[in-house]
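Notebook open, structure loaded. I'll jot down what I look up as I go.

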Amino acid sequence: MDVARLFQEHHDALFRYLERYTGDPDLAADAAQEAFVRLARKGPRHDAHVRAWLFQVATNVVRDDRRAGRRRLALLEAKPDRVPGARPEPDPSEQTEREELRLRVRAALDALNQRERTILLMREEGFTHREIAAAVGTTTKSVGTMIARALEKLSRQLGLEPEAVT
Amino acid sequence: MTETLMNGAAHLEDGELLRYLDGESEHPERGAAQRHLAACGECRARQETFERRARAVSAALAAADVAPPPVRLVEMRRSPLRRLTAAQIKAAAVLVALLGGALTVSPVRAWLVDRWHDVRSAFTGGDDSAPNPLPDEDAQGSGSVAFVPAAGTFTVRLTTRQITGTLRAVMGADSVASARVVGAAGGVDLVVLPDGLAIRNDSNAQASYVLRLPGAITELVVEMGGRAAQRVRSDELAGAGWSIELGR
C-alpha cells in the first residue's frame, strides 16, 4: 500500500471533514494523523476501501477523544495563543467577519445530531449513499431521506431558507 | 410521506428526490423519477429547493473552513540501528510528517509523544527497558533521538541560552541523525522536526548535547532563543566536529 500517495490524496479532505465535524482544528489534525498512522500499521486490504476506512477510523478517534474528556479544551483555554489558525490576519475586519461566519456555521452543525452531521459531511466529501449507509449503520435507501432532513435542518439553522429571511 | 396526484401517481418522496439529485437512483427508479418530474411541477419545485439548499450549505461550509495544517510525508530510510519492517518505516514516516509550527502545540506534541513510543518500539524491537528518546511531559531530563532528516540543511532550534553546556556536532557516515543529551540537570526536551531538531530547554538548564549528522547534510543552522542563526558548513563538522557554548 502506497501510504505516501494515499496521504497526498486524502489528507486535506479528511482534515476538512474532521474540522467541520468537531469544530476543533487541533483535534482534527491529530485524528487525521492518527488515522494515517493506523493505516501504515494495518489498513484495509484494498486501496478501493481506503478512503471510507480512513474517514471511519478518524471519526472514531474524535468520538473516543470526546468520551475521554475535554483535557484538550482545557489546554487550549489555558494557552489560547497556541491554538493553530489563531495567527492574526492582515485585515482585522475580515478576520472578525470570518470568525462570525465560523461561529454561525459551527452553531448550526452542533445543532445536528451526530448521525445527521456524519451523513451530511460525508455527502459533502462525495461519498456514495452506500458508503454513508455503511458508516452510520443504516440502509442505502434511508440515507437519501436522512440527507434531505439534515440539509433542511442545517439550512434553517444557517438562515438560508427563503422564509427565514424577513 | 407519499402524496397522490389527481391522476393517481404518487409524488416523489424526499429520499427519492435526493437519490435522483445525487445520481444514486438506479433503473427503474431513475426512469420513473425522470418521468414524474417531467409531469409534476410540484416535485420539480421541491427538487429545485433541494438543489438550492445543497449548494447554499456547501458554500457556507466551505467559507467557514480553516486551512489544513502544514503536514507532509517524509520518506524514512532504513536505520543502521535495526532493520525495520515496511509497516514500521511507514509509521515512522508519518511520525516525522508534522512541520515545526504544529509541534509547539501541546495536543500535537502529546500526540507526537504517543506516536514516538510506537516508532521507538520499531527501533528497539519493543524493548521497554531501552532509554526513552522523547521524555514524557513529567519525566524530562535526558534522552536521545535518532531519525532521518528530510533536507540537506539541518536546523537546530534551542529555546534559549542556559546556565552551562555545549552543543557539539559531528558528521557520521550513515543516513541517520542522532542527538543525545549529556549530564542534564533541568527540564530538556528533544523534539524531532522534518528539517532538524528542536531542543526545548529553559534558562536554568545545565545540559550538553551531542549531535551526529548524516553524510548527506550540507549545512548546519543553529538558532538560539530568537538570536541570529549560526550557519556551519559540512566541512567544518568533519573530524572532531564543531561546538558552541550554550552558557549565558
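How many bridges join β2(B) to strand β6 (residues 196-200) of chain B? I find 4 bridges, and the two strands run parallel.

Housekeeping before I go on. Residues are numbered from 1 along each chain as its sequence is written, and chains are lettered from A, ligands numbered from 1, in the order in which they are written. This is a predicted model, where local features need pLDDT of at least 70, side-chain atom pairs count only at pLDDT 80 or more, and totals for chains, interfaces and linings use all residues.

**Sheet in chain B**

I stayed with β2(B), residues 153-158. Helices (H or I, at least four residues) and strands (E, at least two) are DSSP runs, numbered from the N terminus. Two strands pair if DSSP finds at least two bridges between them. On the β6(B) side, Thr155(B) has Gly196(B) as its bridge partner. With β8(B), β2(B) pairs in the parallel sense over 6 bridges, and there Val156(B) stands opposite Val222(B). I also checked burial: 5 of the 6 residues of β2(B) are buried (20 or more other C-beta atoms within 10 Å of a residue's own, with C-beta atoms placed from the backbone; 12 or fewer is exposed, in between is partly exposed).

Zooming out, I get an open sheet of 5 strands in the order β5-β6-β2-β8-β9 of chain B, with mixed pairing. β5 (189-193) and β9 (230-233) each have a single partner strand, so one side of each is left without a neighbour in the sheet. The β8(B)-β9(B) pair is antiparallel over 4 bridges, and Val221(B) has Arg231(B) as its bridge partner in β9(B).

**Cores**

Next I looked up the nonpolar cores (buried Ala, Val, Leu, Ile, Met, Phe, Trp, Tyr and Cys residues joined through C-beta atoms within 7 Å). The largest has 50 residues, and those with the most contacts inside it include Leu14(A), Ala32(A), Ala58(A) and Ile147(A). α2(A) gives the largest share, 10 residues. I noted a second, separate core of 29 residues that includes Ile199(B) and Tyr209(B).

α8(A) has 18 residues and reaches 26 Å from first C-alpha to last, close to the 26 Å expected at 1.5 Å a residue (1.5 Å times one less than its number of residues). Its buried residues, among them Val143(A), Met146(A) and Ile147(A), pack against α5, α6 and α7 (129-136) of chain A together with α1 and α3 of chain B. After the helix comes Gly159(A), with a positive phi near 70°.

Why do I call Ile119(A) buried? Because 26 other C-beta atoms lie within 10 Å. Ile119(A) sits in α6(A) and, beyond four places in sequence, has contacts (C-beta atoms, placed from the backbone, within 7 Å) including Ile132(A), Val143(A) and Ile147(A). Its C-alpha is 6.2 Å from that of Ile132(A), 13 residues along the chain.

**Confidence**

Last look: pLDDT, the predictor's confidence in each residue, from 0 to 100. Chain A averages 82, with 83% of its residues at 70 or more. Among its elements, α6(A) has the highest mean (96) and α4 (71-78) the lowest (35). Over residues 69-87 of chain A the pLDDT is below 50. Where pLDDT is low, the predicted coordinates should not be read in detail.

Definitions and conventions
Contact = placed C-beta atoms within 7 Å.
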